[in-house]
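User: Hello! I have just opened this structure for the first time. Could you walk me through it?

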Amino acid sequence: MGYTAEHQLISVTEKLLAGGLGILQLRAKNHDPEHIARMGSRLAPLCREYGCLFIINDYPEIALGTGADGVHLGQDDGELAPVRAMLGANAIIGRSTHSPEQALGAFRERADYIGFGPLFPTGTKPGRPAIGLEDIAGVRRQLPEEFPVFCIGGINGNTLPSVLEAGASRVVIVSWLLTHPDITETVAALRKRLGEA
C-alpha cells in the first residue's frame, strides 16, 4: 500500500494480474484491520478470477474472513501451529526470515514458504539492515529443492541479475514494480526472466 494510492488499488492490481502475476500479498502497514479487511475483500475475488494466489500480511483472521489463500507472518507474530489450526490444512502460511537460522526454523515449523531478506536496503523495511547475497545459496542447499524461498528487499531491474547469480530462483519485487511506467509488461518480462512463461 505504500506505493499505491487506495483509489488505484483495483486498477494497479489488474495491471499486475494481466502480466501473469502468480502471488499477490496485501501489505498495508499502519492501516487498521477493518480497513485491511475491506481492501482484502475487494482483491480476493479479483485474484481468484486470474488464478493468482492472494496472501494477507500479518492478520490470519482477515485472511480467513476475506477468503484469501493464506497469510504471511513476521518473526514476531507467534507460532504457526495455531494459525494453521485457524486457517486449515490447505491454507498457505509464509514466514519472514532474516538469517539462515530463521529460514531453517520456519521450515521446521512447517511454513509453506519463506521470504528471505532484505537483501538490500529497502523502503518497505525501514530500519532493518540488509543481509546481502552471501547466504542465498547456502539456505537453498539446506532446504528441500521444492521448498519455496522468496528473496526479498531492494530487488529491481539493476539488482535482479546479481540476486539470480547468487542462487535465487524466486523473488519478491515491490517498489520497482509498483512505480514502473508499464506494470503489466514488466511482470510479463520478469516471469520470462524467471522461467515462468
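Analyst: Gladly. First a term: buried means under 20% relative accessible area, exposed over 50%, and partly exposed in between, with a 1.4 Å probe and protein chains only. Helices (H or I, at least four residues) and strands (E, at least two) are DSSP runs, numbered from the N terminus. This is a predicted model, where local features need pLDDT of at least 70, side-chain atom pairs count only at pLDDT 80 or more, and totals for chains, interfaces and linings use all residues. Residues are numbered from 1 along each chain as its sequence is written, and side-chain values use heavy atoms, leaving out hydrogens and water.

User: Within what arc do the buried residues of helix 1 fall?

Analyst: Helix 1 spans residues 9–18, and its buried residues are L9, V12, T13, L16 and L17. An α-helix has 3.6 residues a turn, so residues three or four places apart point the same way. The arc is taken from the directions from the helix axis to the C-beta atoms. Seen down the axis, the buried residues of helix 1 line one face, so the answer is an arc of 135°.

User: Which elements do those buried residues pack against?

Analyst: Contact here means heavy atoms within 4.5 Å. By that rule, the buried residues of helix 1 pack against strand 1 (23–26), helix 2 (33–50), helix 8 (175–178) and helix 9 (183–193).

User: Which residues does T13 contact, leaving aside its neighbours within four places in sequence?

Analyst: T13 is found in helix 1. With a relative accessible area of 4%, T13 is buried. Beyond those sequence neighbours, its contacts are L24, L43 and L46.

User: What covers the buried residues of helix 9?

Analyst: In helix 9 the buried residues are I183, T186, V187 and L190. They fall within an arc of 100° seen down the axis, so they line one face of the helix. What covers them includes helix 1, helix 7 (160–165) and helix 8.

User: Which residue caps the N-terminal end of helix 9?

Analyst: Look for a side-chain oxygen that lies 3.5 Å from the backbone nitrogen of T184. The residue that carries this oxygen is D182.

User: Is Q25 buried or partly exposed?

Analyst: Q25 lies in strand 1, and the "binding site" annotation in its unreviewed UniProt entry covers Q25, among other residues. Such annotations may be inferred rather than shown by experiment. Q25 has 33% relative accessibility, so Q25 counts as partly exposed.

How values were computed
Polar contact = N/O pair within 3.5 Å; in protein donor to acceptor, adjacent residues only side chain to side chain.
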